[in-house]
Amino acid sequence: MPQLSPAGQQLVQNLAQRHGVSTDAVTHMLIAVSNGNGTMAQFSHPDFGGAGQWMQGGMTMVSDLFNYQLKSRVDNLCSDIANQLANQQRAPFSGSFQSQSQNGASSQTQAAGSMGSVNSLFLPDPDSNWWPSHLGSPNALGSQNNVRYAYFANINRLAVKTGGDVWVYDTLNHQIGGFSQQQGGGSSITLTSQFGTVSLSSLPVVIRNGVTQTQPALAPANDSWNSSNSYSGAPASAPATNTDRPSTPRQGESVIDTLDRLGGLLEKGYINADEFASKKADLLSRL
């Protein structure tokens with residue numbers, strides 16, 4: 001659970017007195033609204049009649065459906081908290097990061113992660129500065145399942161931490177607005193930008209675990225984007241003649257080595273099982 005800073009503790013005291021609820025209830029709601037990027041909250045606390053939901057400018061739901069006084073109290077408290085979070089923001093949100101989940105009839109589900117700015121009402125996470133220090137302060141932070149993200153819009157970098165590994169990607173000319181993970185037979189991480197949905201595996205890796213990559217592991221092919229998009233060719237950090245697809249062995253690399261590299265990407269969730277199987281079949285056909 002996030003820990004409140006002195007400013008956060010003072011705010012909780014003030015809101016508890018103003019709205020006539022306990023400090024524990026205000027703390028619970030402050031975290032819930034913060035997790036909802038200041039626009040929504042899912043909560044469960046005795047002071048609010050148990051479980052409920054609040055949406056800014058929308059419907060407020062509490063367990064006691066006809067307790068309009070409680071609904072009004074929840075709405076007023078959450079609106080106050082949302083305003084305070086907006087005032088305390090140290091950096092603007094980069095893009096529109098909405099938290100949502102979708103469940104279809106199949107076994108595959110999709111969860112979209114949320115990314116927001118750091119807020120002075122909470123103490124820094126002890127493990128918050130997990131990205132290379134030279135990248136500076138991120139414009140947005142986020143996490144989904146066991147994957148953490150830090151987006152540095154001004155320098156076109158996206159840091160991703162999965163397990164004990166930290167990868168830094170060149171975001172090229174993308175303006176990243178969010179991310180999602182699909183789970184099923186395998187898992188795949190995708191991003192949203194002004195060009196639509198982008199596979200994380202299509203972005204070149206420039207740093208891995210603190211080591212600069214002289215040749216990005218996965219530079220996009222020239223035809224990765226259609227003619228309506230502005231991307232053309234590999235990034236400046238990749239050799240100008242590099243137009244290899246991810247399934248093509250690098251110079252001096254055997255097919256088996258390439259399969260091992262793709263297996264690592266599958267294990268880390270950067271490609272899904274179908275993508276791996278397709279590339280594997282293509283590589284084995286060359287033996």
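Modeller: The chain exposes about 14,900 Å², and carbon and sulfur atoms supply 47% of that area. Please keep in mind that this is a predicted model.

Biologist: What percentage of the residues count as buried?

Modeller: Of the chain's 287 residues, 44% count as buried. The chain has five helices and 14 strands, and among its contacts with a separation of 6 or more, 50% are accounted for by residues 24 or more positions apart.

Biologist: Which residues touch the most other members in the largest nonpolar core?

Modeller: That core has 27 residues, and the ones touching the most other members are Met-29, Leu-30, Val-33, Phe-48, Val-74, Leu-77 and Ile-81. Helix 1 (6-19), helix 2, strand 1 and helix 3 each supply at least two residues of this core. If we leave out residues up to four places away in sequence, Ile-81 touches Leu-15, Val-26, Met-29, Leu-30 and Val-33.

Biologist: Switching to the strands, in what order do the three in the open sheet come?

Modeller: The order is 1-2-3, with antiparallel pairing. Strand 1 (40-45) and strand 3 (60-62) are the edge strands, each pairing on one side only, and the twist from one strand to the next averages 10 degrees. Helix 2 (residues 23-35) packs on this sheet, where it touches strand 1 and strand 2, and its direction makes about 145 degrees with that of strand 1. Helix 3 (residues 68-88) also packs on the sheet, touching strand 1, strand 2 and strand 3, with its direction at about 125 degrees to that of strand 3.

Biologist: How many salt bridges are there?

Modeller: The structure holds two. In one of them, Asp-80 pairs with Arg-18, with the closest N and O atoms 2.7 Å apart. Asp-80 lies in helix 3 and Arg-18 in helix 1, so this pair ties together parts that are 62 residues apart in sequence.

Biologist: Is Arg-18 buried or exposed?

Modeller: Arg-18 counts as exposed, because its relative accessibility is 53% and the cut-off for exposed is over 50%.

Biologist: What about the pair with Asp-170?

Modeller: Asp-170 forms a salt bridge with Arg-157, and their closest N and O atoms are 3.4 Å apart. Asp-170 is buried, with a relative accessible area of 10%, whereas Arg-157 counts as partly exposed at 22% relative accessibility.

Key. Residues are numbered from 1 along each chain as its sequence is written. This is a predicted model: local features need pLDDT of at least 70, side-chain atom pairs count only at pLDDT 80 or more; totals for chains, interfaces and linings use all residues. Side-chain values use heavy atoms; hydrogens and water are left out. Two strands pair if DSSP finds at least two bridges between them. Helices (H or I, at least four residues) and strands (E, at least two) are DSSP runs, numbered from the N terminus. Axes are lines fitted to C-alpha atoms, for helices over the stretch in contact, and angles run from 0 to 180 degrees between N-to-C directions. Contact means heavy atoms within 4.5 Å. A nonpolar core is a set of buried Ala, Val, Leu, Ile, Met, Phe, Trp, Tyr and Cys residues joined through side-chain atoms within 4.5 Å. Buried means under 20% relative accessible area, exposed over 50%, partly exposed in between (1.4 Å probe, protein chains only). Accessible areas come from the Shrake-Rupley method with a 1.4 Å probe; for residues, only the protein chains shown count as cover. A salt bridge is a side-chain nitrogen of Lys or Arg within 4 Å of a carboxyl oxygen of Asp or Glu.
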